[in-house]
Amino acid sequence: MTQNTVEKTPVTLLGLGAMGTALARAWLAAGHPLTVWNRSPARAAALVAEGAHVADSAAEAVAVNPLVVVCLLDDASVGEALTGIDLTGRDLVNLTTSTPAQARARAEWARAHGARYLDGGIMAVPPMIGVPEAGGYVFYSGSQEVFEGHRETLGVPAGTTYVGQDAGFAALHDVALLSAMYGMFAGAAHAFALIRKEDIDPASLAPLLADWLVAMAPAVHQTADQLRSGDYTKGVVSNLAMQVAGTPTFLSTAEQQGVSPELLTPYFELMRRRLAEGSGEEDLTGVIDLLLR
């Protein structure tokens, strides 16, 4: 073991699924002493040759290092793995996918068990971990002291973005971005469906579609500005009335192409409702208020 390795922060990692294994390899490659535990011990075998120490139990793994990172299936799995374990003096970093409410509850639970808590939302897939140029990063929220104290270590597998002391904010940011992603995928699916029966190569549409989505993406900044100011008519280019008037063309085209409009109609219905309740000179921002319960 080199002096450089000794100086690196030791890490305990619970969970060796695809993401956990990627995290483990990134820390090992960077010279961090690593203790791992997984419910199925066989998954840890390959990491031994790379320098990891395998604990026989979660309790043993937690006892080894002050910094404990958890990357399990779900919040229930976290509870099961840590039940009855002494967490006093530990910095618990939970990278398990959860809801904001679960993250807040887990933070309270950790504090009650003597640990400082930091929640994380991973904005990356396993192949992006340990590859800085891939652009992956992790949202963190909860104890700012834990984040600042371990920022360098946490930044080894992927970039770090701290979003606040509310432990639920990392999960909320995670789900917000992924929800927008699925909305984009829905729109792309409809676009490809429209040409599916035509003599049009999907590969020729793909770059046009990608460029168009990139060109439209900056609109989110105007939406944010309108939400902050409360003025939904600020900087409008294509107002709500004009856009609602154009929706029949989209629906008719889908019908003519033999494509279900089910990915478009919910949004179009919200647009029509907002037009009936608000101003036709607004942007589409008012739709957001209709989603609030």
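Reply: What follows is a set of questions and answers on a predicted model.

Me: Why is Thr-97 called exposed?

Reply: Exposed requires over 50% relative accessible area. Thr-97 has 59%, so the label holds. Thr-97 sits in the loop between E5 and H6.

Me: What does Thr-97 touch, leaving out residues up to four places away in sequence?

Reply: Thr-97 touches Asp-74 and Asp-75. Contact here needs heavy atoms within 4.5 Å. Asp-75 belongs to H5 and is buried.

Me: How do you know that H5 is mostly covered?

Reply: Buried means under 20% relative accessible area. Six of the eight residues of H5, which runs over residues 75-82, are buried. Besides Asp-75, the buried ones are Ser-77, Val-78, Gly-79, Ala-81 and Leu-82.

Me: Which elements cover the buried residues of H5?

Reply: The cover includes four strands: E1 (11-14), E2 (34-37), E4 (67-70) and E5 (91-94). Helices H4 (58-64) and H6 (100-112) are also part of the cover. After H5 comes Gly-84, with a positive phi near 80°.

Me: Which residues line the largest cavity?

Reply: Lining residues need an atom within 4 Å of a cavity point. The lining runs through Leu-95, Thr-96, Thr-97 and Ser-98, then Asp-119, Gly-120, Gly-121 and Ile-122, and finally Ala-171 and Asp-174. Strand E6 (116-123) gives the largest share, four residues. Helix H8 (169-195) supplies at least two. By type, the lining has three nonpolar, five polar and two charged residues. Thr-97 and Asp-174 are 77 residues apart in sequence, yet their C-alpha atoms are 8.8 Å apart.

Me: How do you know that the length of H11 agrees with its residue count?

Reply: H11 has 17 residues, 240-256. At 1.5 Å a residue, H11 should span 24 Å. Its end C-alpha atoms are 25 Å apart, so the two agree.

Me: Where does H11 bend?

Reply: H11 bends at Gly-246, by about 25°. Pro-248 follows within four residues.

Me: Which residues of H11 are buried, and what do they pack against?

Reply: Leu-240, Val-244, Thr-247 and Ala-254 are the buried ones. The buried residues of H11 pack against H8 and helix H12 (265-277).

How values were computed
Residues are numbered from 1 along each chain as its sequence is written. This is a predicted model: local features need pLDDT of at least 70, side-chain atom pairs count only at pLDDT 80 or more; totals for chains, interfaces and linings use all residues. Side-chain values use heavy atoms; hydrogens and water are left out. On a 1 Å grid over the protein atoms alone, a cavity is a set of points where a 1.4 Å probe fits but cannot get out, and a pocket is an open set with protein on both sides within 12 Å along at least five of seven lines; lining residues have an atom within 4 Å of a point. Ala, Val, Leu, Ile, Met, Phe, Trp, Tyr, Cys and Pro count as nonpolar, Asp, Glu, Lys and Arg as charged, and the others, Gly among them, as polar. The expected span of a helix is 1.5 Å times one less than its number of residues. The bend at a residue is the angle between axes fitted to the seven residues ending there and the seven starting there. Buried means under 20% relative accessible area, exposed over 50%, partly exposed in between (1.4 Å probe, protein chains only).
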